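Open the file in your viewer and keep the selection tool ready. We will go stop by stop.

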Amino acid sequence: MKETSMKLDFTEFLFAMSYALDAVEIEFLGQSTGHGEDVAWLTYQMAAVTGASVTRKREAAFAGLLHDNGMAPFFRMCKQKAMDSNVNPSSLSMAEEMEENAGGHCISGEENMHLLPFETDMTNVILYHHENADGTGPFHKKGKEIPLLSQIIHLADCLDIRFDIRSLDQAGLAVMRSYVHANKHTLFTPEVVNLFDRAVSYEVLSEAASNGIEECLRKELHGDVRDYSEREIRNIAAFFERIIDYKSSFTMVHSAGVADKAEKMARYYQWDDDKVLRFYFAGAFHDIGKMLVTNDILEKPDRLTAEEYGKMQNHAAATYELLSRIPGLEDISNWSGRHHEKLDGTGYTLGLKEKDLSKEDKIMACCDIYQALTEQRPYKEGLPHRKAIAIMKSMAADHKIDGDIVNDMDAVFSTKEEETAETNTAGGKKWKCPLCGYIYEGEEPPAKCPLCGAPGYRFEPVN
């Protein structure tokens with residue numbers, strides 16, 4: 001029996017995801033654009049002069065690309081600290097907070113990396129990538145107690161934070177080299193300093209400046225297209241669900257929930273196992289574009305301005321853009337990127353109509369809505385199944401979403417207890433979102449629509 005699998009260009013996939021990762025680091029830490037790529041490129045150069053195998057060099061670059069993948073707990077800690085102090089999180093010195101709490105994101109990042117399908121040993125590489133040669137790092141490891149690849153990533157990370165390696169002239173390289181040698185035995189071991197001297201020349205820097213670091217990395221890493229097993233694909237999705245947790249924990253829960261609902265619907269329609277896996281993958285990544293939307297918009301408790309609302313809507317287009325960069329994911333990028341389109345053309349960001357949308361597009365849109373309605377968020381309780389389906393049927397009646405799919409979801413997700421329960425018909429005012437058709441019951445409209453994010457002042461009373 002054929003094992004369920006999915007073909008994936010892992011190299012291109014990581015490039016796309018690192019772009020999203022960088023967007024968060026720019027927002028929270030003020031890092032320059034391309035920090036992950038810079039560290040990956042320097043790491044690759046130094047790994048290459050160790051005589052490492054082709055696979056090890058490639059995976060060393062991957063580790064450099066993802067070295068900061070465990071930042072979600074750090075950002076949550078900063079948010080909580082700001083709340084406890086009654087200050088804006090942006091007023092905190094993120095560099096100082098990072099210095100004090102480096103170990104936490106190393107632990108989280110190490111745990112996450114075990115989910116990825118590496119062929120070479122990555123044990124403790126991310127865990128110890130902030131260790132200093134003299135033992136003053138978060139775990140007080142010294143010298144050879146620190147894996148060589150951790151030492152390389154640490155050096156590359158320090159250099160990219162302090163120098164613009166994309167535009168260094170010969171004088172700048174001399175200053176950078178002086179910095180490395182001045183910190184030999186304290187920050188860096190003699191071994192890794194020697195690797196830096198051998199690997200990073202002015203010629204290497206000039207090539208990166210002329211051709212771009214991303215292009216230089218692509219030339220060295222090549223494509224890495226192969227079939228990944230169902231377990232590997234689910235682990236990759238789990239890894240990036242944790243990355244999405246950078247933005248907020250409920251966004252992560254939402255992505256996991258949509259992936260689960262998408263898989264269940266795909267099995268209900270009796271698709272073949274490989275397509276079921278691809279649809280699950282699309283659900284897991286449907287909101288990856290939210291990593292490019294700043295948290296002051298994502299978590300704003302007040303009404304969004306027209307400009308802010310436009311930026312919020314752009315997350316669907318950003319999802320499409322990120323996933324469409326990866327060869328072979330054309331269907332997935334459509335299913336993920338069109339989850340806010342509506343049958344009558346009032347959705348976003350393309351304003352597609354029913355004739356332009358595939359059945360898969362329509363199912364994904366319904367899975368996103370059902371999950372949003374039934375999950376608990378900081379500003380609302382999750383609705384029971386029957387209430388969620390009633391709202392979705394009203395949206396279908398307004399020609400926003402597919403009524404047949406809503407009926408199918410009712411069959412798939414209902415329980416015997418809910419089938420016999422009485423529908424909540426408590427009286428009260430009703431308000432309708434003019435963009436997605438969501439019906440809200442209450443004396444006043446909500447602060448924002450839980451489905452599409454539209455500000456509450458746009459809601460219209462339902463007679």
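**Stop 1: colour by confidence**

This is a predicted model, so start with pLDDT. The protein chain averages 86, and 85% of the residues score at least 70. Now select residues 190-199. This is helix α9, where confidence is highest, at a mean of 98. Next select residues 416-420. This is helix α21, where confidence is lowest, at a mean of 51.

**Stop 2: helices α2 and α7**

Select residues 35-48 for α2 and residues 148-162 for α7. At what angle do the axes of α2 and α7 cross? They cross at roughly 135° and come within 9 Å. The crossing of α2 and α7 is right-handed.

Now show side chains on both helices.

- From α2, pick H35, D38, V39, L42, T43, M46 and A47.
- From α7, pick L149, I152, I153, L155, A156, D157, L159, D160 and I161.

These two sets meet each other. Colour them by class: the contact of α2 with α7 has 11 nonpolar, two polar and three charged residues.

**Stop 3: helices α14 and α17**

Move on to residues 273-284, helix α14, and residues 330-337, helix α17. They pack at an angle of about 45°, with their axes 9 Å apart. That makes α14 oblique to α17. The crossing of α14 and α17 is right-handed.

Which residues make the contact between α14 and α17? On the α14 side, select K275, R278, F279, F281 and A282. On the α17 side, select D331, I332, W335 and S336. By class, the contact of α14 with α17 has five nonpolar, one polar and three charged residues.

**Stop 4: a salt bridge between strands**

A search of the whole structure finds 26 salt bridges. One to view is the pair D227 and K7. Select both and draw a distance between their closest N and O atoms: these are 3.6 Å apart. Then show the strands. D227 sits in strand β2, residues 225-229. K7 sits in strand β1, residues 5-9. How far apart in the chain are D227 and K7? They are 220 residues apart, and the pair links distant parts of the chain.

Technical notes: Residues are numbered from 1 along each chain as its sequence is written. This is a predicted model: local features need pLDDT of at least 70, side-chain atom pairs count only at pLDDT 80 or more; totals for chains, interfaces and linings use all residues. Side-chain values use heavy atoms; hydrogens and water are left out. pLDDT is the predictor's confidence in each residue, from 0 to 100. Helices (H or I, at least four residues) and strands (E, at least two) are DSSP runs, numbered from the N terminus. Axes are lines fitted to C-alpha atoms, for helices over the stretch in contact, and angles run from 0 to 180 degrees between N-to-C directions. Angles under 35 degrees count as roughly parallel, over 145 as roughly antiparallel, 65 to 115 as roughly perpendicular and the rest as oblique. A crossing is left-handed if the near helix is turned anticlockwise from the far one by less than a right angle, and right-handed if clockwise. Contact means heavy atoms within 4.5 Å. Ala, Val, Leu, Ile, Met, Phe, Trp, Tyr, Cys and Pro count as nonpolar, Asp, Glu, Lys and Arg as charged, and the others, Gly among them, as polar. A salt bridge is a side-chain nitrogen of Lys or Arg within 4 Å of a carboxyl oxygen of Asp or Glu.
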